[in-house]
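Subject: Handover of a structure

Dear colleague,

Please find below the structure that I promised to pass on to you.

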Protein chains: 2
Amino acid sequence: MPDTAMPATLRFMLAARRCELQGLESLSFTCQLVTRISQLVHQLQKERGYSNIYLGNQASHYLHQLDAHSAESAAVERQVHECFMAMDTAQANAADRARLFNRIAYVLHGLDELPGLRRRIRELEPAPRQATQAFTRLIGGLLAVVFEAADTAVDPSITRLLVAMFNFMQGKELAGQERAAGVEGFSRGHFDGELQERLQHLEEGQERCFDVFSEFADGEAVALWQQIHSSDTVAQVISLRGIAKRTSANATVDPGLCELWFELNTRRIDAMKEVENHLATRLLEHCRSSIAEAHADLDNHRTLLGRLAQMDVGSDQALLFSVHSSTLDSAPQDSVGNHLARSVLDLLHEQNQRLQRVSDELKETRETLNERKLIERAKKLLMNDYRLSEEDAYARLRQSAMERSMRLVDVAQSLLAFAARKSQNTPHSDRGKRA
Amino acid sequence: MPDTAMPATLRFMLAARRCELQGLESLSFTCQLVTRISQLVHQLQKERGYSNIYLGNQASHYLHQLDAHSAESAAVERQVHECFMAMDTAQANAADRARLFNRIAYVLHGLDELPGLRRRIRELEPAPRQATQAFTRLIGGLLAVVFEAADTAVDPSITRLLVAMFNFMQGKELAGQERAAGVEGFSRGHFDGELQERLQHLEEGQERCFDVFSEFADGEAVALWQQIHSSDTVAQVISLRGIAKRTSANATVDPGLCELWFELNTRRIDAMKEVENHLATRLLEHCRSSIAEAHADLDNHRTLLGRLAQMDVGSDQALLFSVHSSTLDSAPQDSVGNHLARSVLDLLHEQNQRLQRVSDELKETRETLNERKLIERAKKLLMNDYRLSEEDAYARLRQSAMERSMRLVDVAQSLLAFAARKSQNTPHSDRGKRA
């Protein structure tokens, strides 16, 4: 029996199932996008690293490698671009896509600027830090797309993997920034106070990201990560971090360490990419199996409901499923006595319980994601309002949390709420008060 | 310039705007649905009341009125049914509609059972309480649809109104249940302990609902409500409540009070309907004006972006907006110097801020909605696990909150979290742990 010939109750039950399936199918596309973004970020990190070392050392023997990396980035760029273009911007009717589309617009804008940036780097125009910042902004934009993807995913298990992925990518990006900061210091022979603080901040940031990753990733991914963490490479990175912290204008080190630092960190970051690849594979597998499961569920459900509807065929009003009303009379205890009505109610109840469980699990996982976002936003607020550096803003937040024995995220939240109340009293943002 | 000819960045910026508009348009339909549901609930409440008094008094002189109310209910039923049928169940691709569709399926199932229930009532078959329960279940299902509508709305102001509406409808429904409980007691001449507890519970429930309503509704609605609250009718209802509480098997009152009680409460409930009508009007007005605003915004945005794109026409790669890269070179300070790129970034930033604000406001408002849901779920859990009545379950929750000086909602949340952890350790519900 085609869906349209079914009684309305059963049609809506099927529609609810179909919604879930459609949500999974669009999630599968999103996961592919995330996988490609992970590749692009990795390439851009490499290109940033080589741009940095090329500009810092003004050494033309790096130019060849840099060109190779730029070409690789450009190739992956085209794939991501294709992915964006395949998104049906006209069809989407969910309002939560507005944020995703806006993030993508930002990335597209950044990608448009890359050719110019590359040309300027080859003309040795920007300082290393400027070039680094330009790449970092674009990578930040790409990570924001992954964030939105994780925040709007509709399957709890896949959301958990996306949260692990986002945090791992974020941690890896901080590792890339640490590599750049180290190159800056070692090539100069020492790290000043500001640069040392920056290193410290990047190290702590990585820890937080990998903690969340470990909480949400599968066991295999965590094992892979621990393997990296206990490798010789990382031991050497840690010892170079120690050296960096002991340098000063009066206690410089051999700038030759710069190449060693770069080399070791590159090895570490490349190894991290393996973890990302593993997560990406898991994501796609999960999407495939969840979709297959949802398809089978839908088919079963359709068969079952079709059978229930057949039992209803004798009644004069096919649409209103009126068979219930006649059998209702025979079981006055609870007003639904007959087997057919009971089955439908059981199915409805079961479906409702399941949807509730899914939405609880989603809410909990997204909470973690949003904690990170709240802290980032509170940090930005402090940076803007008090003209603090990122490091100082974070230190201020952390101190305030310790003093009041509150969680960092709760301090961030109350800070933002306070700022929002303040801005609600200004004439410009009275949107929320119209009702 | 048609949207498709625009550079990709601008197209995605427009798509983000269009998402918001589409969200509003589908919200407008939802608000119409809510308005009709409010009518239907009101009719069903009347029909429940008259069924109740007809069954309680076995008085055939109520039959005529009951028939009239049943006919009115059936007419509004058809309108709601039409509304459901107009929902495009095949098109919807947002997973959050799954819950809504499932709720609608439940309502459709309940509506199918109404003709049988009506027949049985006329044959004086069910006890008054059974008939009341059957209507109450259906009304509960209709309220759940309103809940889902409020929970998935995408505009903060409209969400606030929907939260006010949902809570008011819920409060009015508890008033209807109070009317039924009173009819039961007064027609018997006294209220036993259980019935008195029930009255108390219904009275407190109304207070909570109307508190939330007052927090979220517009000033005019609140004024209307306060007018009812200080009316003579309500004063008389309050004094009858006092009488009910003083009755017992040894201290009965004239069963004639039953008609007075019914009459006064009916007047009170009918007056409440005016508040709902006001909220419904506000909802539709709000939808209309928000849609008009979003349309105008979209048009402005399209014109503005079209003009920006025109400035880009000279470049060889229309798609990649490559004009930036050439002008980028002239402003090395921050890698985006030119006016055009700056405008796009400003617009992106502004749009991002706005979307963030909207999602913050939505989150906050939905929080309130979910608090109610959490308490209801915790109550149901206690009712099932300890075989408690609704009143006792609520009393247990409240006591536990007082003892630990916690908010009721936090007690409910920890109870549910505990139950979820327990059930995660059983082999049947390992869905969340697959990742």
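This is a predicted model: local features need pLDDT of at least 70, side-chain atom pairs count only at pLDDT 80 or more; totals for chains, interfaces and linings use all residues.

In chain A, the end C-alpha atoms of residues 355–416 lie 32 Å apart, and this span is 89% helix and 0% strand. Helices (H or I, at least four residues) and strands (E, at least two) are DSSP runs, numbered from the N terminus.

Residues are numbered from 1 along each chain as its sequence is written, chains are lettered from A and ligands numbered from 1 in the order in which they are written, and side-chain values use heavy atoms, with hydrogens and water left out.

I turn now to helix packing. Two packed helices are described by the angle between their axes and the distance between the axes. Axes are lines fitted to C-alpha atoms, for helices over the stretch in contact, and angles run from 0 to 180 degrees between N-to-C directions.

In chain A, helix α1 (residues 8–57) packs against helix α3 (residues 97–122) at an angle of about 30 degrees, with the axes 13 Å apart. α1(A) is therefore roughly parallel to α3(A) (angles under 35 degrees count as roughly parallel, over 145 as roughly antiparallel). The contact (heavy atoms within 4.5 Å) includes A:Leu40, A:Leu44 and A:Tyr54 of α1(A), and A:Leu111, A:Leu114 and A:Ile121 of α3(A). By class, it has seven nonpolar, two polar and four charged residues. Here Ala, Val, Leu, Ile, Met, Phe, Trp, Tyr, Cys and Pro count as nonpolar, Asp, Glu, Lys and Arg as charged, and the others, Gly among them, as polar.

In chain B, the axes of helix α1 (residues 8–57) and helix α3 (residues 97–122) come within 13 Å and cross at roughly 30 degrees. α1(B) is thus roughly parallel to α3(B).

Returning to chain A, the axes of helix α4 (residues 128–152) and helix α5 (residues 156–188) come within 9 Å and cross at roughly 175 degrees. α4(A) is therefore roughly antiparallel to α5(A). Their contact has eleven nonpolar, five polar and three charged residues.

A colleague

Definitions and conventions. Angles under 35 degrees count as roughly parallel, over 145 as roughly antiparallel, 65 to 115 as roughly perpendicular and the rest as oblique.
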